[in-house]
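Welcome! Have a look at the sequence and the 3D view, then read on.

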Number of protein chains: 2
Amino acid sequence: MYIGVDVGGMSIKAGLVSSDGILTHKKVIKTDVTKPGEGICLDIARLIEDLTKNNGYALKDIEGIGVGIPGSVYDEKGVVRYCCNINMINTPLVQILKDELAIENIKVSNDASCALLGEVKFGAAKGFNNVVLVTIGTGIGTGLYIDGKLFRGVQSAGGECGHTTIIVDGQECGCGKLGHFEAYASATALLRQVQDAADLHPESKLNELIARDGLSGFTIFQAMDLDDETAKQVYKQYIKYLGTGIVNLINVFYPEVILLGGGISREGEVLLEPLTQYIRDNVFGMKYNPPVEIKTATLFNDAGIIGAAALSME
Amino acid sequence: MYIGVDVGGMSIKAGLVSSDGILTHKKVIKTDVTKPGEGICLDIARLIEDLTKNNGYALKDIEGIGVGIPGSVYDEKGVVRYCCNINMINTPLVQILKDELAIENIKVSNDASCALLGEVKFGAAKGFNNVVLVTIGTGIGTGLYIDGKLFRGVQSAGGECGHTTIIVDGQECGCGKLGHFEAYASATALLRQVQDAADLHPESKLNELIARDGLSGFTIFQAMDLDDETAKQVYKQYIKYLGTGIVNLINVFYPEVILLGGGISREGEVLLEPLTQYIRDNVFGMKYNPPVEIKTATLFNDAGIIGAAALSME
């Protein structure tokens, strides 16, 4: 049995995962962001102990542990280099867990890399060797799988495709820089674009819906179902932003598959159809090039846990 | 002895290159862009025969031939997929050359990939395993060297970093799409930016220089030497465009070295100093990450020939 841990700014989720990628048991705790990084590592160790014992296992039954972190990780050293929303700077996470749990096979990586590995081993990208995952959430996370291996550059310091500029001097990103892909194509960015459009068009059904039910990730889709012109315009522009970042990734990496994750990816064809069209129209030399599949991830919320566990199966 | 061929829209250059990367003899012909792709391949074959015989060699003395093409190449099949300024579409270049020359070891790749390989084997990037080359010329060419291997994605269809968008709905690129890195940071783009600024500021020394001597790649640097404010502003903005594209590449690939090629790279510190500063200020998480060296290429005009030859030494 393996354990995957998905660390987030709000919660830390751990799960028991079989060698064929089945998540059998899960336990979630709140992330105590007031603690220093070492304290969070100790919380993770306790969570792993609880998960193991509560479900009839002993630590010696665990063949490997993988941890996904929403930040920059020096995979090869097992160190979390830094993390925006958790207090980790050069935190030796793997060493701390080894000391606490006396288990040798413990690995850590960026959370989007973990999610991608989960999809490649057990999900939507099974059998592919060249895959790019774009996770649309609070930010934009990207996982890169090249020639059958996770890729994040020298000392795993790269792979930050959400923090590439698509508009010089554009909107401020969560990281403080301007015009990043994430600042235009994250779920957070879409919500902002929806609110701005509703404010500009108080007569729109979009604005009516927000006034009645409040703003959520579904509002834009509800308003489009009502044939609201404002909503359709906002969404068209959003597809252009998202499409631009993905076309950039294709022009550079030219993978076999682009995998979309995050809540919005569950919208299915409403997302896939216009996005695929935008990509076809804009990839450099598309008509001479091999096809690229645009698919949605299938492991959803458990991708992080299953993928982290998969990290320790490598 | 090896032969490297550097195919361009204006000329085709071929050279005899020793196994330690020394270019001993060179021959150049004009590119006949009116010919179909197969005709150009035959011209290349004749050029190789002439180069060999005129310098006291026979074809059987040639251990390998490499060809660099300014377009999309399916390296593994030896086929030029397409090329903007030469009439090649799915042209089986390697097969044609093998049939004509009866030499087995013949390879073809994108010209920027070749130039990068030359720099890695014999030039400024010797000893490095992770290098990105940005060649600033009529367009922006990029070569990617990852974990000791050239990288261009599935079927070598990627690596087109010059055609990534840095300004959504921005300036038109040579390829017809909008807002690409190439449309803002190529030498051609800089010339356009200089001319536009001179038109807007007829009182500037920049405008005086253009009126007196005409516009060249040196004008902007001459005007800056004269302390011209207009020239300084244009150049600052150009560094931002060039820096943005390079920061994007670092955030994604995180190489050990960024190598700059093309005419402007010969300006040395006038280019390197502000560009390095821009990169330091803008790479995601730079203060926690390993350093990235920003260097200029050293093989200059011969990089294409030497690198193409290096392709056949692999």
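## Space inside

On a 1 Å grid over the protein atoms alone, a cavity is a set of points where a 1.4 Å probe fits but cannot get out, and its lining residues have an atom within 4 Å of a point. Grid points are joined across faces, edges and corners, and a volume is the space filled by probe spheres set on the points. This is a predicted model, in which local features need pLDDT of at least 70, side-chain atom pairs count only at pLDDT 80 or more, and totals for chains, interfaces and linings use all residues. Residues are numbered from 1 along each chain as its sequence is written, chains are lettered from A and ligands numbered from 1 in the order in which they are written, and side-chain values use heavy atoms, with hydrogens and water left out.

Searching the whole structure turns up three cavities of 30 Å³ or more. The largest cavity has a volume of about 160 Å³. Its lining is made of 15 residues, and those nearest its centre are Thr164(A), Asn248(A), Val252(A), Thr164(B) and Val252(B). Helix 8 (229–253) of chain A and helix 8 (229–253) of chain B are the elements that give two or more residues to this lining; helices (H or I, at least four residues) and strands (E, at least two) are DSSP runs, numbered from the N terminus. The lining of the largest cavity has nine nonpolar, six polar and no charged residues. Here Ala, Val, Leu, Ile, Met, Phe, Trp, Tyr, Cys and Pro count as nonpolar, Asp, Glu, Lys and Arg as charged, and the others, Gly among them, as polar.

## Where the chains meet

Contact (heavy atoms within 4.5 Å) links 46 residues of chain A with 46 residues of chain B. About 3,900 Å² is buried between chain A and chain B, with carbon and sulfur atoms giving 64% of that area. Buried area is the accessible area (1.4 Å probe) that two parts lose on being put together, summed over both.

Two salt bridges are counted between chain A and chain B, each a side-chain nitrogen of Lys or Arg within 4 Å of a carboxyl oxygen of Asp or Glu. Lys240(B) and Asp169(A) meet in a salt bridge, at 2.7 Å from N to O.

## Salt bridges within chain B

Over all chains, the count comes to 24 salt bridges. In one of them, Arg46(B) pairs with Glu49(B), with the closest N and O atoms 2.9 Å apart. Both residues lie in helix 1 (residues 37–54) of chain B, three residues apart, about one turn of the helix.

Glu314(B) and Lys121(B) also form a salt bridge (3.0 Å, N to O). Glu314(B) follows helix 10 (303–311) of chain B and Lys121(B) sits in helix 3 (residues 111–122) of chain B, so the pair ties together parts that are 193 residues apart in sequence.

Most residues other than glycine have a negative phi. Ala102(B), however, has a positive phi near 55°, and belongs to the loop between helix 2 (93–101) and strand 8 (106–110) of chain B. Gln155(B) has a positive phi of about 55° too, and lies in the loop between strand 11 (149–150) and helix 4 (181–185) of chain B.

Terms used:
On a 1 Å grid over the protein atoms alone, a cavity is a set of points where a 1.4 Å probe fits but cannot get out, and a pocket is an open set with protein on both sides within 12 Å along at least five of seven lines; lining residues have an atom within 4 Å of a point.
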